[in-house]
Amino acid sequence: MITFASFAAPPDDLYGHGHRVAHPIDPADDRDMDIDFDDEEFVSGSKLTVPGETLTSSHAFMRGHGTYVDNEQVIASVAGTVERVNKLISVRAARSRYNPEVGDLVVGRIAEVQPKRWKVDAGGRQDAVLMLSSVNLPGGVQRRKLESDELQMRTFFEEGDLLVAEVQAFFADGAMSLHTRSLKYGKLRNGQLVIVPPALIRRLKSHFTSLPCGVDLILGLNGYIWVSKHVKDSDREGEDGFDAEAVYSNRNDDIDCATRTAIARVTNIIRALAAHWQPLTDAVLLEAYEWAVEQDCDVKDLLLDDVAAALVASLGGQH
Amino acid sequence: MGSRVEILNDDGYRSDGRRQFELRDITMDLSPRGTADGSAMITHGLTQVMVSVFGPREAKMRAQTLHDRAVLNVEVNIAPFSTGERRKRNRGDKRILELAASIKSTFEPVVQTALYPRSQIDIYVHVLQQDGGLLQASINAATLALVGAGIPLLDLVCAVTGGVHSTSPMLDLTTLEENDIPHLTVAVMPKTGNVTLVTMETRLHVDRFGDIFKLTCDAAQVIHQEMKRAAYARTRRLVDAMDVDSKSILLTGDNVDKDTAMNELE
């Protein structure tokens with residue numbers, strides 16, 4: 001299941017072998033599909049389901065996400081784990097696109113500049129909206145938005161710019177509205193973007209972490225991870241805590257060779273772990289980085305199948 | 001007549017050694033490919049189809065977006081090396097457009113598009129090898145790819161072809177058989193038995209239709225078992241990979257959000 005865009009993935013060894021099916025066969029092998037909700041075991045273990053499987057009757061339970069009701073039965077509509085909260089049955093998909101929640105930290109890319117708003121690609125089912133009124137503008141936090149600001153929106157964010165923001169609210173159709181009204185948020189530079197499936201990013205106390213190797217990480221909950229050169233806390237706050245030049249600058253700082261290598265190593269570790277479906281946290285990444293340095297393997301070798309497997313095994317082995 | 005291959009010989013065997021109601025080998029591979037949200041490769045005998053699903057995502061064609069549901073976009077690409085005689089079909093080919101349209105209409109009643117207003121779901125079908133049952137393989141692979149992408153479906157869609165040789169019905173035809181005998185493709189939602197697609201390009205006696213239609217619906221149940229098994233195996237693998245790690249995080253770190261940690265302790 002490892003994927004690196006340049007070559008084809010090997011077949012899933014769990015289901016690699018075709019087996020011959022003769023028709024008609026006995027339809028009685030429909031075992032282990034029905035879920036008994038009185039079962040003690042259900043509460044502890046993770047029950048799986050696939051679309052079209054009956055979960056329970058709709059009289060006793062309410063349907064949640066990932067399910068629908070037909071013929072007085074609650075039926076799963078996605079493949080994943082069945083979750084129950086009191087009388088509410090829902091199915092969480094094993095893999096899906098990012099489902100935003102208010103307060104989530106996301107990394108995104110400007111897709112379009114529209115009147116008074118930017119459209120941001122943040123891995124969701126629609127482009128997110130960043131209103132001109134939800135960004136900090138040069139000149140202070142409480143400054144009014146003038147007509148001249150509307151006319152020079154591209155001086156703040158242009159198409160293709162990367163930014164980190166927080167989900168502020170939702171529109172009626174489910175599109176998310178972002179804001180960057182904090183010094184932590186804003187345009188990104190001095191680094192590299194890695195995209196992983198959003199399920200792999202857990203909610204952490206802080207999604208801004210810095211590794212001791214001189215690399216800052218922003219783990220966006222949408223699966224977009226920004227790996228960049230470490231910026232000292234003292235540098236981050238300029239005059240008045242806000243320096244327009246620095247915040248909306250498009251120019252990278254000087255990045256020395258060691259930092260570039262460290263950034264590349266961290267991104268390759270993230271890719272390797274994501275290919276093995278390993279959840280990413282700062283602790284895991286730090287451990288993996290130490291392993292990679294210890295093994296003294298080349299940065300690009302981390303993408304090799306066997307090195308990646310050894311990396312994952314080393315993480316599992318320690319616990 | 002003498003030089004032609006016998007479709008069904010006197011002993012009841014077909015040209016590739018199968019019995020009348022026997023399906024070909026099926027392999028299903030749901031491993032991820034590239035940046036696709038969900039992907040599946042399926043083989044029915046020598047027919048091999050790969051499907052990648054992207055979305056739901058921001059619609060590229062602004063004019064076609066619907067304010068109350070997602071748009072399904074199906075594109076089919078038939079590799080020039082997929083057939084015996086090498087032939088390049090361009091994207092505007094009528095056969096290909098028709099194939100794409102049938103796949104689209106098969107999935108429109110099944111995918112819960114109402115959950116994703118103003119978005120678009122792209123289904124890219126790549127035909128790598130063809131030996132009959134192209135539509136059947138494409139639909140089955142598209143179902144698995146949609147499941148892999150976590151897109152809500154009312155049910156799995158299972159498609160199968162059937163044909164009639166003089167009076168004897170048979171299933172899962174090869175190119176050789178498709179060229180010779182009347183055949184139809186049926187796509188079924190196995191839970192309810194609802195049929196979302198029936199298509200036939202040849203003439204078939206109306207008395208034979210009922211038999212073959214019922215037979216294909218039964219065969220779809222068999223394919224359903226296989227698809228379900230593949231989907232469970234894939235889901236189990238993803239969930240297990242996550243679970244192993246979450247336990248180890250609990251032991252080592254305190255960097256997990258309290259809510260998540262509580263859930264895992266339960």
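Let's begin with helix H2 of chain B, residues 134-148, which lies across E1, E2, E3, E4 and E5 of chain B and runs at about 150° to E2(B). The angle is taken between N-to-C directions, on a scale from 0 to 180 degrees, with axes fitted to C-alpha atoms, for helices over the stretch in contact. Helices (H or I, at least four residues) and strands (E, at least two) are DSSP runs, numbered from the N terminus.

Before we go on, some housekeeping. This is a predicted model, where local features need pLDDT of at least 70 and side-chain atom pairs count only at pLDDT 80 or more, while totals for chains, interfaces and linings use all residues. Residues are numbered from 1 along each chain as its sequence is written, chains are lettered from A and ligands numbered from 1 in the order in which they are written, and side-chain values use heavy atoms, with hydrogens and water left out.

Now the overall picture. Chain B has five helices and nine strands, and along the sequence they follow the pattern β-β-β-β-α-β-α-β-β-α-β-β-α-α. Of its 266 residues, 56% are buried, meaning under 20% relative accessible area with a 1.4 Å probe, protein chains only.

What is the order of the strands in the open sheet of five? In chain B it reads E1-E2-E3-E5-E4, with mixed pairing. Strands E1 (26-29) and E4 (71-78) of chain B stand at the edges with a single partner strand each, so one side of each has no neighbour in the sheet. Neighbouring strands here are turned by 15° against each other on average, direction ignored. To count as paired, two strands need at least two bridges found by DSSP. Strands E2 (residues 38-44) and E3 (residues 47-58) of chain B pair in the antiparallel sense over seven bridges. There, B:Ser39 stands opposite B:Ser52 in E3(B).

Next comes helix H1 of chain B, residues 94-107, which packs on the sheet, touching E4 and E5 (119-129) of chain B, and its direction makes about 145° with that of E4(B).

Which residues of H1(B) are buried? They are B:Ile96, B:Leu99, B:Ala100, B:Ser102, B:Ile103, B:Thr106 and B:Phe107. Seen down the helix axis, the buried residues of H1(B) fall within an arc of 160° (taken from the directions from axis to C-beta atoms), so they line one face. Their cover includes E4, E5, H2, E8 (183-189) and E9 (194-200) of chain B, with contact meaning heavy atoms within 4.5 Å.

Terms used: Buried means under 20% relative accessible area, exposed over 50%, partly exposed in between (1.4 Å probe, protein chains only).
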